[in-house]
Amino acid sequence: MSKQILVTRSSMPPMEEYIDEIKDIWDSHWLTNMGPKHKELQKKLEEYLDVDHIDLLTNGHMSLELTLQALNLQGEVITTPFTFASTTHAIVRNGLTPVFCDVDPKTYCMDPTKIEELITDRTCAILPVHVYGNVCDIEAIQKIADKYGLKVIYDACHTFGETYKGRGIGSYGDVSCFSFHATKVFNTIEGGAVCYHDERFGRDMYGLKNFGIRDQETVDAVGANAKMNEFCAAMGLCNLRHVDEEIAKRKKVVERYRANLDGIDGIQLNAIQPDVKSNYAYFPVIFEPETFGATRNEVFDALSKNNIYARKYFYPLTNTFECFHRQFDVTKTPVALHLSKRVLTLPLYADLDLNDVDRICEVIKSCAK
């Protein structure tokens with residue numbers, strides 16, 4: 001049996017480095033509640049991501065959910081179904097109604113030409129997703145938001161460390177939300193962050209992640225418990241020292257995939273965007289069975305038989321989830337539906353051996369007819 005290749009593997013610092021980072025926690029006994037590690041990571045991420053302000057949370061989902069709460073939104077939020085469950089669930093759990101916009105067939109991000117037709121007098125915000133590290137059409141989305149007085153909240157969970165036109169990706173929109181989950185380019189084991197401009201929003205977010213506590217005697221909001229602990233922050237401090245090196249390794253993996261798969265009939269590779277400094281987070285491939293000769297599911301099965309585990313990501317669309325049974329009309333997002341039935345994200349992580357990339361691609365090419 002050939003060795004197992006998983007779709008991803010968490011980046012971790014040398015064990016000794018992490019142990020050294022956490023030693024002083026035993027001296028302070030400060031384990032959570034915005035301790036020194038939390039504050040240090042917050043400062044360093046503000047600089048690295050080139051953003052005005054940042055706050056750290058327990059995970060990326062709470063970053064999204066509490067952002068919507070802190071903005072005190074009501075009504076409808078225009079978003080995309082071609083995303084992870086968290087994006088849609090954060091909207092619904094705030095009592096808001098998701099309105100699904102179709103996606104661009106090349107970038108897989110929200111298609112800005114489809115947004116205005118979805119705006120009603122109940123629309124309060126646009127929540128686009130930078131998918132696979134592909135950056136949304138920021139200028140077009142912001143122009144529409146400004147025209148109609150709408151908030152823009154970016155789900156930026158796939159774009160850690162990226163820049164667009166020389167600016168940190170987290171600096172766009174009213175708020176940008178990140179995930180530092182173990183599977184991401186940068187991880188704090190579990191964690192997330194919100195990047196923002198408005199200091200009042202920051203005060204509200206800080207309160208909401210800490211039970212709505214304003215000070216020792218004032219609780220002025222119904223908040224959650226979404227504080228990043230010191231051990232997660234320590235992992236973040238270690239991983240941040242190595243993240244540029246990790247991204248450089250991921251780039252080599254992506255380049256090897258492209259060398260193997262570019263130009264094959266029936267295969268669409270991820271677009272290379274101008275003005276974007278990529279983090280090489282994912283390697284999605286679209287399989288068109290009519291020209292490639294095999295379906296996405298057949299390729300998935302062939303890889304699995306060879307102990308290679310890819311992911312149907314994103315499938316199914318969030319507007320087809322059983323928990324939303326018959327609430328949404330999937331035919332209104334035909335491009336997203338088309339992509340969801342054909343996309344496969346291939347194994348990608350910094351330490352993936354390039355010979356293993358070649359083996360993955362040989363299995364894929366053997367499926368073509």
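Colleague: What should I know about the numbering and the model before starting?

Modeller: Residues are numbered from 1 along each chain as its sequence is written. The model is predicted, so local features need pLDDT of at least 70 and side-chain atom pairs pLDDT 80 or more, while totals for chains, interfaces and linings use all residues; side-chain values use heavy atoms, without hydrogens or water.

Colleague: Which residues touch the most other members of the largest nonpolar core?

Modeller: In soluble globular proteins, nonpolar side chains tend to be buried together. A nonpolar core is a set of buried Ala, Val, Leu, Ile, Met, Phe, Trp, Tyr and Cys residues joined through side-chain atoms within 4.5 Å; buried means under 20% relative accessible area, exposed over 50%, and partly exposed in between (1.4 Å probe, protein chains only). Here the largest core has 58 residues, and L45 and F82 touch the most other members. Elements giving it two or more residues include α2 (36–49), β5 (151–155) and α7 (230–261). Of these, α7 gives the most, six residues. Helices (H or I, at least four residues) and strands (E, at least two) are DSSP runs, numbered from the N terminus.

Colleague: What does L45 touch beyond four places away in sequence?

Modeller: Contact means heavy atoms within 4.5 Å. On that count L45 touches D50, I54, L56, F160, F180, F186 and L240. Another core, of 28 residues, lies apart from the largest one and has V285 and L303 among its members.

Colleague: How many aromatic pairs are there?

Modeller: Rings of Phe, Tyr and Trp (its six-membered ring) pair if their centres lie within 6.5 Å; planes under 30 degrees apart count as stacked, over 60 as edge-to-face and the rest as tilted. The structure holds 22 such pairs. F321 and F324 are stacked, because their ring centres are 6.4 Å apart and their planes at 10 degrees. F321 is buried at 17% relative accessibility, and F324 is buried at 6%. Ring pairs also link F82, Y108, Y132, Y282, Y313 and F314 into a cluster.

Colleague: Is L344 buried or exposed?

Modeller: L344, in strand β15 (residues 343–345), is buried, with a relative accessible area of 0%. Beyond four places away in sequence, its contacts include F283, V285, R296, L303 and K312.

Colleague: Where is I213 found?

Modeller: I213 is in strand β10 (residues 213–215). With a relative accessible area of 31%, I213 counts as partly exposed.
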